[in-house]
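Good morning, colleagues. Please have the sequence and the model open while I speak.

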Amino acid sequence: MPIANEIVQYLREHALVVTTAESCTAGKIVTLLSGVEGSGEFIECGYVVYSPQAKQRLLHVSPQTIETFNLTSVEVAKEMAKGALRDSTANAAIATTGILGPDDVDGIPAGTICFAWAFQSDEKCYLFSHEHRFSGGRCRVQEEATEYALRQLPHFHCRARLGDTGEA
């Protein structure tokens, strides 16, 4: 079963509605999910935000976070995920930011992608993040990052259901 079908089924079984905040994946997470029949009731919205200004304006990412940690950082990804949930009726968010390549940027190797997953339950937000480095050309990295973001959603949702807030 393709990953999008698996995730839509998971969303259905767990009454999850997702929003995305995508930079380097450029809306491919929402695109992949939307290809599954019936997925519309489990997708609230998707943000595609490349520039620092868009991340700040639309997702409320702090300029200080960007300045301190760089655009490609788990700290920025976490703020993107929280920002996507902020004005949304969704109860799950996936965020991506990174360097597709082919060149390294600001000392960050090409293929480095930072992810965040957030889950809203009652008044509590469960937030998880991870950095992963993929190899290959831009298109391959983007495709793998998209699938990785989806594959990890059930894992982090399970942790949230167990009360793990994601904080160390």
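Predicted model: local features only at pLDDT ≥ 70, side-chain atom pairs only at ≥ 80, totals over all residues.

In β5, the residue bridged to C114 is E131, and F119 has Y126 as its bridge partner in that strand. β4 (112-121) and β5 (124-133) are antiparallel and are joined by 10 bridges. I speak of two strands as paired if DSSP finds at least two bridges between them. The hairpin of β4 and β5 has 2 residues between the strands, and in it D122 adopts a positive phi near 55 degrees.

Residues are numbered from 1 along each chain as its sequence is written, and side-chain values use heavy atoms, with hydrogens and water left out.

Let me turn to the sheet. In what order do the 5 strands of the open sheet run? The order is β2-β1-β3-β4-β5, with mixed pairing. β2 (43-48) and β5 are the edge strands, each having a single partner, so one side of each lacks a neighbour in the sheet. From one strand to the next, the twist averages 10 degrees. β1, residues 18-22, pairs with β2 in the parallel sense through 5 bridges; V18 has I43 as its bridge partner in β2. α6 packs on this sheet and touches β3, β4 and β5, its direction making about 35 degrees with that of β4. Contact here means heavy atoms within 4.5 Å; axes are lines fitted to C-alpha atoms, for helices over the stretch in contact, and angles run from 0 to 180 degrees between N-to-C directions.

β3 and β4 run antiparallel and are joined by 7 bridges, with A93 opposite A118 in β4. Why can β4 be called largely enclosed by the rest of the structure? The reason is that 8 of its 10 residues are buried, where buried means under 20% relative accessible area, exposed over 50%, and partly exposed in between, with a 1.4 Å probe and protein chains only.

A92 lies in strand β3 and is buried, at a relative accessible area of 0%. Leaving aside neighbours within four places in sequence, A92 contacts L16, V17, V18, T19, L85, A118 and F119. Its C-alpha atom is separated by 9.8 Å from that of L127, 35 residues apart along the chain.

Next, the interior. A nonpolar core is a set of buried Ala, Val, Leu, Ile, Met, Phe, Trp, Tyr and Cys residues joined through side-chain atoms within 4.5 Å. The largest such core has 32 residues, and those with the most contacts inside it are L33, I94, I113, F115, W117, F119 and L153. At least two residues of this core come from each of α1 (3-13), α2 (28-34), β3 (92-98), β4, β5 and α6 (138-161). Which element gives the most to this core? That is α6, with 8 residues. A second, separate core of 21 residues includes V74, M80, A95 and A116. As for F115, its contacts beyond four places in sequence include A77, A95, F128, H130, Y148 and A149.

α6 also holds Q142. Is this residue, Q142, buried or exposed? Q142 is buried, with a relative accessible area of 11%. A polar atom of the Q142 side chain lies 2.8 Å from the backbone oxygen of C24, a polar contact being a pair of N or O atoms within 3.5 Å; within protein, one must be able to donate a hydrogen and the other to accept it, and residues adjacent in sequence count only if both atoms are side-chain atoms. Not counting residues up to four places away in sequence, Q142 touches C24, T25, A26, K28, Y50 and L100.

Finally, some backbone details in the loops. P102, in the loop between β3 and β4, is joined to G101 by a cis peptide bond with omega about 15 degrees. A15, in the loop between α1 and β1, has a positive phi of about 50 degrees although it is not a glycine; at 55% relative accessibility, A15 counts as exposed.

Note on methods
Helix = DSSP H or I, 4+ residues; strand = E, 2+ residues; numbered from the N terminus.
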